[in-house]
Amino acid sequence: MKNKQWLLASRPHGEPTRENWEFKETDSAETGAGQIKVKVEYISLDPAMRGWMNEGKSYIEPVQLGDVMRAGAVGEVLESNSDEFAVGDKVYGNFGVQTIAVSDTKGVHKVDPALAPLERYLGVLGMPGMTAYFGLLKTGLPEAGETVVVSGAAGAVGGVVGQIAKIKGCRVVGIAGGADKCGYVVNELGFDAAIDYKNESVHAGLKEHCPDGVDVYFDNVGGDILDAVLTRINLKARIVICGAISQYNNTSAVKGPANYLSLLVNRARMEGIVVFDNARHYGEAAKEMAGWIQQGKLKAKEHVESGIENFPETLMMLFKGENFGKLVLKFD
Ligand code: NAP
């Protein structure tokens, strides 16, 4: 059985290009004792992939040169030497950017295609959904009546953050690029307001839409937007550092917040999060989120691109703001 794969060929300086990748077609490995063979149907495209391409210590090991690129994925079990999984099961796992994966089943779990389309298990019912749920509720600690601001508001994590904040009774203001995305978060997702950072002043927008200041800021982008929000925070504000996509392709040092003394003045807190820290509690979160989806309180949107050959360009869509919702790549 043929397996198509993308390997990391070299480490990028700045924006990744095709030269950083090697496409390979090879025979798929044998399914060993305790292992399963999976036909990968969708892979998740994540901003974090850019970090995994770098050398050096992070919250997870970098992908080694010559290795298949790491990716969360969903697919169907083709062969099984495991008691836990049967042929035909649909499963989630860290299967990588390849069409056929052989897995020792570590970190693999079944998903139910009758409850939700497969790609949704990479979005709201998967890692981005968990990031939003735990990042907001455990670290942002929103209270009813407070003002929550979220950047990357039309994206996989940001869209869920804003909707959960609404469920919790907060005023929610999103920051996103372009009129379409801003219209979507207000009209479809129910945010109270949105600021189009590509065409408006974020400072002016925050002043207008957050008349009582900002109690929680869920930061997906870092850079100038983080600095702007810091000027509007309230006493005891909580700033959740989820990501800093504006900085991931920098060729110079990451731009830190110049306005950090606002934390001192306001006795505020800025705290980083890593979704995997909550892995033991994913089940409870998924149950609550599934309930919200059923009640129509939580909406999901996936952006599906096709063809493993297009992986390098599809990944770059995240950094150009060309994805609208959770970006996934479908394999034939
Ligand atoms: P996403 O928001 O679906 O897609 C990325 C979006 O970032 C783009 O659509 C674009 O939206 C925005 N963007 C790109 N370049 C930007 C820039 N220079 N300035 C401002 N916005 C920019 O991606 P996601 O998967 O939900 O991830 C969002 C963030 O969460 C990322 O920073 C990611 O690293 C982080 N994350 C962290 C964890 C964790 O455990 N800490 C887990 C998952 C994700 P616009 O069109 O609106 O610009």
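Here is a short chat about how terms get applied to this predicted model.

Me: What should I know about the model before we start?
Reply: It's predicted, so local features need pLDDT of at least 70 and side-chain atom pairs count only at pLDDT 80 or more, while totals for chains, interfaces and linings use all residues. Residues are numbered from 1 along each chain as its sequence is written, and side-chain values use heavy atoms, with hydrogens and water left out.

Me: Why does Asp 89 count as buried?
Reply: Buried means under 20% relative accessible area, exposed over 50%, and partly exposed in between (1.4 Å probe, protein chains only). Asp 89 has 18% relative accessibility, so it counts as buried.

Me: What makes Asp 89 and Lys 110 a salt bridge?
Reply: The rule wants a side-chain nitrogen of Lys or Arg within 4 Å of a carboxyl oxygen of Asp or Glu. Here the closest N and O atoms are 3.7 Å apart, so the pair passes the rule. Asp 89 sits in the loop between strand E4 (73-80) and E5, and Lys 110 in strand E7 (residues 109-110), 21 residues apart. Helices (H or I, at least four residues) and strands (E, at least two) are DSSP runs, numbered from the N terminus.

Me: How many salt bridges does that rule give?
Reply: The count comes to 13. Among them is Glu 146 with Arg 238, at 2.6 Å from N to O. Glu 146 lies in the loop between H2 and strand E8 (147-151) and Arg 238 in strand E12 (residues 233-241), so this pair ties together parts 92 residues apart in sequence. Both Glu 146 and Arg 238 are buried.

Me: How do you know that strands E9 and E10 pair?
Reply: Two strands pair if DSSP finds at least two bridges between them. Four bridges join E9 (residues 171-176) to E10, and the strands run parallel, so they pair. Gly 174 stands opposite Ala 194 in E10.

Me: What makes the unit of E9, helix H4 and E10 right-handed?
Reply: A crossover is right-handed if, with the strands pointing away from the viewer, the path from the first strand over the helix to the second runs clockwise. E9, H4 (residues 179-187) and E10 make a β-α-β unit of that hand.

Me: Why is helix H2 called mostly covered?
Reply: Eleven of its 14 residues are buried, including Met 130, Tyr 133 and Phe 134. After H2 comes Leu 141, with a positive phi near 45 degrees.
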